[in-house]
Amino acid sequence: MNVESVISVIVPVYNASSTIGRCVDSILAQSFANIECILVDDGSSDESGRICDEYAKLDGRIRVFHKRNGGMCSARNVGLDMAASEWVFFCDADDYLPIDALEYLYENTDKSDFVIGGVSCLCTCNQYIPEKYIWLGDSGDFLESQMLRLYCITAWGKLYHRKVVGSLRFNEHFTVSEDLDFNWRYMLLVNSISFVNEVVYCYFDNSAPNKYRLDYESYQYCRDHLITTLNLYKEKFGCSFEQEERYVYVFHTARLLYHISEIKSFPVFNGEIKRTRRDEICFDSWKKRVFWAFCYHLPWLSYLMLRLTSFLR
């Protein structure tokens, strides 16, 4: 471990043998060199673990931890437990950093507990870059305007103050929205946030669609925890946070509907439909509303049509 490190870069690694090299190379090449890189091998079945160990032999700033597979949240939590620096940065194993990323962020740490930079989505060629601004905890309206921006709802592309993080950890029961949940809970703890007008993270969105499925219990769990956090914001700032609340319902309803559409057993399909109350879900399009009504009132026909569509794909 590099005892002089100022930033701990935490990289959860799972079956990323084709991309981990590019990721780690971009971290080691940073113009800001006072870092430690924590690679958490989350039970990979490919060559990822060996590649991580080889990098550790080449650079003393790298530490590697091997663990049984437990998911992204579990791996990040191991990294947080092992981090020794003042600041923490998360990076996914299939992404990479521009050479000045950590330097741009660290330059803005003197007045803030949380530093947020811009993101470049390489699959769509879109960039999401905040305006340069320092939030001093005095405006709930401004915070409300930023909480659903891409650069705010993800864990990567930011510096978190390790002492402010304290015992806060990623909720390992979340299967979607785990970054959003962590950030919203962390932002309740900070006194100030710096927004940096630079791209500090290059992101590849190559997730499998079924990663974002939610069964009914998971839907309830994620929704209720996020709404509980939003209620704390309402109490603290006196704002409605209506847009954020609607997002929680709409986004997670969509994940639930996707899960239902992929069920291959009619009893399970019908059970998920019947135990989901209409007043618990929210739609952002008439198509989803019609799909739900069709499934609820004509479950057998809906199920057969979904299976036929799946067969013909």
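These legends describe close-up views of salt bridges and cysteines in a predicted model.

**View A. Aspartate 59 and arginine 61 form a salt bridge.** The closest N and O atoms of aspartate 59 and arginine 61 lie 3.0 Å apart. Is aspartate 59 buried or exposed? Aspartate 59 is buried, at 16% relative accessibility. Arginine 61 is buried too, with a relative accessible area of 14%. The pair is one part of a total of 16 salt bridges in the model.

**View B. Glutamate 217 pairs with arginine 275.** Here the closest N and O atoms are 2.3 Å apart. Glutamate 217 is partly exposed, with a relative accessible area of 41%. Arginine 275 is also partly exposed, at 36% relative accessibility.

**View C. Arginine 277 meets glutamate 280 in a salt bridge.** The N to O distance is 3.7 Å. That counts as a salt bridge because the cut-off is 4 Å. How accessible are the two partners? Arginine 277 is partly exposed, at 48% relative accessibility. Glutamate 280 is buried, at 6%.

**View D. Four charged residues make up a salt-bridge network.** The members are Arg223, Asp224, Arg277 and Glu280. Arg277 and Glu280 are the pair joined at 3.7 Å, N to O. Side chains of opposite charge can pair when their charged atoms come close.

View E. A disulfide needs sulfur atoms within 2.5 Å. Cysteine 52 is buried, with a relative accessible area of 0%.

**View F. Cysteine 152 is too far from the closest cysteine sulfur for a bond.** That closest sulfur is in cysteine 239, 15 Å away. Cysteine 152 is buried, at 1% relative accessibility. A search of the whole structure turns up zero disulfides.

Definitions and conventions
Residues numbered from 1 in each chain as written. Predicted model: local features only at pLDDT ≥ 70, side-chain atom pairs only at ≥ 80, totals over all residues. Heavy atoms only, no water. Salt bridge = Lys/Arg side-chain N within 4 Å of Asp/Glu carboxyl O. Buried < 20%, exposed > 50% of the residue type's maximum accessible area, 1.4 Å probe, protein only.
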